[in-house]
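Here is a note on two secondary-structure elements, one per chain. Please read it alongside the model.

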Amino acid sequence: MEAERVTVPDVETAAGRLEGHARETPVLTCGTLDDLAGKRLYFKCENLQKSGSFKFRGAYNAISRLVSSTNQNPPPVVTHSSGNHACALALAAHQLDVTAHVVMPRTAPQCKKETVRGYGGKVIECTPTEQARVETMERISAQEGAVYISSSQHPDVIAGQGTMGLELLRQVPDLDAVITPVGGGGMLAGVSLVMKSLNPHVRVYGAEPELANDAATSLAQGERCPLSYYPETIADGLRINMGPVAWPYIRDNVDDIICVTEEEIKNAMTLIWQRMKLVVEPSGVVGVAAALSDSFKAREEAAKNVAVILSGGNLDLLKLPDLLSMSEHV
Amino acid sequence: MAGKSYCISFQNIQAALSTVRPFIHRTPVMTCSHLNQLSNRNLYFKCENLQKTGSFKFRGACNAVSKVIASNQNSTDKELSVVTHSSGNHAQAVSLAAQLQGVTAHIVMPSNSPAVKKEAVRSYGGQIVECEPTEQSRVDTADQVAERTGATMVHPNQSPDVMAGQGTMVFEILEQVERVDAIVVPVGGGGMLSGVAVAAKELCPHAKIYAAEPKNADDCAVSMLRGELTPLPAPPVTVCDALKTSIGPHTWPIIRDHVDDVITVTEEEVKAAMRLVWERMKLVIEPSSAVGVAAVMTDRFRSLPADEHQNVVVILCGGNVDLEHLPWM
């Protein structure tokens, strides 16, 4: 059973709500990376977004809509998240004068937990499994009367993430393809629906760690195939399975999902940090790794202008040495 | 200061803008609510860490190389070349500027320069000539190369063409920031500080110009205090490896006359500011780049009158940092 579909008008409404609150992030280019990719790459810098990731868009849109649809005092909100949605929700809630309860895995980066608290969010820790996240969230929701704002499966969140698609169509001339990382699928769902509705010749790709390749498998099989375990990958924001609400959008609008190895992710990290001087987390460079991969090059040999979303930059700087490749593989 | 003549004029900087424009990135200006809250100002960060070759030095290098070509237009049989002694940002900048304009770049570097810096210079097409790790050897080797090849010397901060090139960033800043009350500029040799000061005095004369300098390499601050050029007596020890040179005879008079104050910062303040920018702005900046950020957080800067210092531009001058040797590890 599918929830009511998010449409382009919903995304345009979201853009209106976000104006003055979320940033229209810059698109940057880099000659070295163009040479490596064999195409002009346009990097949408969501690491520069409020709260350090694109998640702010969806969170703000969802809470904003909740606030305007409630007559008196809006209820608190609750979510479970490994980090970026937690920070985004806490900041958005703070800006909209709403209390946020955030369930986070014990193993989430310390800086992310501190950031949530810094934004006024209340952190509740749980064991690092999807089941524990959900159960703890449901308990808090019942206890506090809090409305659940999913990190990727809420239609208002998908609409919020879709605003990146609208901006890309304005910011990048003659766009041929877009690559976004995929975890829960909120960003890929929102961006792909915008592209296929407004500019169907633009190809849309998801990028996923090989170690967490549920979305790729699902697309290949034609049905959602979640992993039964919580995978290990340095792309800690993408460990979650692609969810049931995001799936139909991905099934219908995404051209392919490209899987990349841990080494390819580390290599992309080194390139972005060293060449582009941007702080981007491993999950955030998965799209870059995909753009540089043999399979993408083979598939999109003729493409000239490819947008890649750098989804976020929240990471523990002390862990950086483990996240880079020792030497650039050019 | 009527009648004063410096080695560069506003017209030089204006000309440099047209010269360098086809080659450089028009870098963005970014803001950060958290840093505004911490500093109690509206901060506007000019992101020269995002400039080609990773620092603002590319501006001056492009201008200098173009001028070499222009002044050799009649000798078409000569293969043009430039030479400089630098192991850092200027070396990379000159290498790429030369490569893009069909000129050979000879880069004199100490033999013990980090491998990553040598690789960067090579990747931009620079030809490395090694020297002993002493000031004398750098200068002598550069002279020898110039004599052998006919290469023109491009000094990293005292060359007027380099100084004029650095000043071009002010034109962009004024297009990007509605109201500029003050500009904070890190200072090493003073090429950027003097270029920015001359441009700003013409384009936004009401704006105050502040130099930001490591306490451990405070020749500019001391010179301003004494009223005369006072280079460092010995090579300084500072994490700001791009700011170790002293200001010189070409940059000093401009700094003396046009800079409102020099704010010095400790090593700890620099490291903390660098980490703040990495974590909150998600920008990779090198320690020398954090000096300006550290400066606006000092008590000294905070005590400046708020109404005259509300909108402050801070130059993030570069982002070339060895990722395997970060100051907080």
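The points below take up a strand and then a helix.

1. This is a predicted model, in which local features need pLDDT of at least 70 and side-chain atom pairs count only at pLDDT 80 or more, while totals for chains, interfaces and linings use all residues. Residues are numbered from 1 along each chain as its sequence is written, chains are lettered from A and ligands numbered from 1 in the order written, and side-chain values use heavy atoms, without hydrogens and water.

2. In strand 7 of chain B (residues 182–186), five of five residues are buried (under 20% relative accessible area, 1.4 Å probe, protein chains only; exposed is over 50%). B:Ala182, B:Val184 and B:Pro186 lie on one side, B:Ile183 and B:Val185 on the other. Strands (E, at least two residues) and helices (H or I, at least four) are DSSP runs, numbered from the N terminus.

3. Strand 7 of chain B runs parallel to strand 8 of chain B, with five bridges, and parallel to strand 10 of chain B, with three. B:Ala182 stands opposite B:Lys208, and B:Val184 opposite B:Val314.

4. Helix 6 of chain A (residues 130–144) has as buried residues A:Ala132, A:Arg133, A:Thr136, A:Met137, A:Ile140 and A:Ser141. The buried residues of helix 6 of chain A fall within an arc of 160 degrees, so they line one face (the arc is taken over directions from the helix axis to the C-beta atoms). The face turned away carries exposed A:Gln131 and A:Ala142.

5. Just after helix 6 of chain A, A:Gly145 has a positive phi of about 65 degrees.

How values were computed. Two strands pair if DSSP finds at least two bridges between them.
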